[in-house]
Amino acid sequence: MSAVLNKRNIIILFVLVSLVFPLITTNTYLIHVMTLAFIWMIGVYGLNLLAGYTGYLSLAHAGFFAIGAYGLGILTVKAHMSFWLAFVLSLLITGLLGLIVGLIALRSKEHFFAIYTLCLGYIIYLVIDKWESLTEGVRGLIGIPAPQGFGPIKFETEKSHYYLVLFFLLLVILVMYRIVHSLSGRSFIAIRNSEDLALTIGISTARNKLTVFVLSTLFAGLSGALYASFVRFIGPDIGNTAVIFDMLTYLIVGGIGTLTGPLIGTLLVIWLSQLLQDFQQYRMLIFGPLLTLLVIFYPRGIVGGVTDIYRKRMAKKEKQLAGKKDSYIQSDLGAKNQVKEG
Amino acid sequence: MDILIQQLFNGLTIGSVYALVALGLTLVYGILHIPNFAHGALYMMGGYITLTMMTKFGLHYWIAIFVSIIVVGFIGVLMERLVFHPLRESPPIQDKIAAIGILLFLEAFAQYTWGAEYQSMPSPYGQVVEVFGLTLTMQRILIVVAAVIVMILLNLFLRKTYTGSTIIAMSQNREGANLVGINTTRVAMLTFMISGGLAAIAASISAPINLVFPGMGQLVILKAFVIIILGGMGSIPGAIVGGYIIGFSESLGATYISNDYKDIIAFFILVIILTVKPTGLFSKGGH
């Protein structure tokens, strides 16, 4: 049973279900929530690439999310650019800022990096909040246009918007998949496990970390730009630290450093939050302790937990088959699985 | 000139509060090497508990502060026992996430219990006094005096008492402290207790001039982080000096640069420090 639930099958299942989902339900509210969940997933993938694969916890990603959103908002509403030009430009802006920030921030490590990015996120939030001539401050930006269509395809209905966001999400998953299973992905994991060791075996840690950082800010920016075009109203609150904590919750529940974790975590937490509607503003009464407990008992979230159980059962089966004499092979197999999971 | 002196005094007031919060943070960092992101939530809890004790139970301001110190200190101990102790061998990213979990919980808890609105704390020291031509409120003078007294007491405790020196010993070398027979678990609990108590004092004395609300700890804790990076992670004099530096630069910046952006000043200082020296000023040893 568990063998069926490997990450490729989960992703395929997810793609199929999400493709037919709007055909099954006619409830636009459900589609709306789903689209939002997809948008968050993109941002969470960005966070996962950095925190999960290289071990650098960035708390500035809500800021980059907001930069992507405001980039699109300002370019379309104030500069009257066409949608897709503004879209690409907002991604470029986010990436460029990510590059500049990364160059400086990545010189610090561990706690310093977390504190640095936390403060940086706050600076971004405050600038958006106070720079009224550009961002309209607390009033927020209103009237962000929906994406322009290509020929016969238009993105005005909820359904079409859903598929557009899904397209970008799948693109992100594909990119993630390719990265994680490439030599670069291996290098990132090596950096996470021991930066000094990675450096001694000839991995250019500085360049790798910078690549990851820029990519992950790009994901965050993409997520922000999609959010702005979907919700069509943005306020400075989207850059608040509360947003990064939400994203972190999705990531930790699903499984940090796993490929399917962001999918599962985001879906689960968002739907749970929907069930808790009246309780929305107090949801952290549950998710806060959940975050702490998961980190203590299942540091790699649901996906990591399931994989561990599966691996243990595999090892047990192997033991029964091989008897007690061949413990060497068994540990070898365990090691193989470990490497595979990454 | 009057404005300058007035602002310098304001800086002294804010700086005292920051220094107290940063002291708690730096003590915990010295012992366990974790940046306790939940420290701001302890500060916030301190404010609320003092307020509740005064309004609901009609206790006197000082007794309310005392209760608050005990309760928040106890929350600190619980945190250490339930969360940071089990995580002591884990990779550093997990401590941070766990601390964030506690922070989120406590903030939601405060919002659930006391509501999201801003509340003001009545203080018996609201009167205005004139000192050398300056108009000051008693509360602000109280903040400065109380903070200095607390710092002196803490310093005496750490340097002169046996229990205090075990904290210093453990921050210097955990294994070493364990080898000479110091109960490191107890010291860790004690440190969290003191750290929580300091946060409660800081919140209780500053709440009458600010306000009490669930997010009141967020900015303070961020600035406290800036302070301990400025003063050296784990350094006690560094936390005090850093607290006053940030306090002064903020109050002067608010007057002479821009009131809107005064909160950014501290973070700007941090960004500059970490840009120039990624391991923080006065960091001990090299990797």
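The legends below describe close-up views of a predicted two-chain model, chains A and B.

Residues are numbered from 1 along each chain as its sequence is written, and chains are lettered from A, ligands numbered from 1, in the order in which they are written. Because the model is predicted, local features need pLDDT of at least 70 and side-chain atom pairs count only at pLDDT 80 or more, while totals for chains, interfaces and linings use all residues; side-chain values use heavy atoms, with hydrogens and water left out.

**View 1. The contact between chain B and chain A.**
Chain B gives 44 residues to the contact and chain A gives 39 (contact: heavy atoms within 4.5 Å). The two chains bury about 3800 Å² between them, 80% of it on carbon and sulfur atoms. Buried area is the accessible area (1.4 Å probe) that two parts lose on being put together, summed over both. B:I97, B:L104 and B:P278 supply 14% of the area that chain B buries against chain A, more than any other three residues. Zero salt bridges link chain B and chain A (salt bridge: a side-chain nitrogen of Lys or Arg within 4 Å of a carboxyl oxygen of Asp or Glu). One residue pair is in polar contact between the chains, both at pLDDT 80 or more. A polar contact is a pair of N or O atoms within 3.5 Å; within protein, one must be able to donate a hydrogen and the other to accept it, and residues adjacent in sequence count only if both atoms are side-chain atoms.

**View 2. The side of chain B that touches chain A.**
Helices α3 (61–84), α4 (92–114), α9 (216–231) and α11 (262–276) of chain B each supply at least two residues here. Helices are DSSP runs (H or I, at least four residues), numbered from the N terminus. The largest share, 16 residues, comes from α4(B). By class, this side holds 34 nonpolar, seven polar and three charged residues. Ala, Val, Leu, Ile, Met, Phe, Trp, Tyr, Cys and Pro count as nonpolar, Asp, Glu, Lys and Arg as charged, and the others, Gly among them, as polar.

**View 3. Helix α13 of chain A.**
This helix covers residues 284–297, 14 residues in total. From first C-alpha to last it reaches 19 Å, close to the 20 Å expected at 1.5 Å a residue (expected span: 1.5 Å times one less than the number of residues). Its buried residues include A:M284, A:F287, A:L291 and A:V295. Buried means under 20% relative accessible area, exposed over 50%, partly exposed in between (1.4 Å probe, protein chains only). The buried residues of α13(A) pack against α11 (241–254) and α12 (261–275) of chain A, together with α3 and α4 of chain B.

**View 4. A:S223 in its surroundings.**
A:S223 sits in helix α10 (residues 205–231) of chain A. A:S223 is buried, at 0% relative accessible area. Leaving out residues up to four places away in sequence, A:S223 touches A:I39, A:I42, A:G43 and A:F65.

**View 5. Salt bridges within the chains.**
The whole structure holds five salt bridges over all chains. A:D308 and A:R311 form one (4.0 Å, N to O). Both lie in helix α14 (residues 301–322) of chain A, three residues apart, about one turn of the helix. A:D308 is partly exposed at 36%, whereas A:R311 is buried at 14%. In chain B, B:K223 pairs with B:E250, the closest N and O atoms being 3.3 Å apart. B:K223 lies in α9 and B:E250 in α10 (residues 236–256) of chain B, so the pair ties together parts 27 residues apart in sequence.
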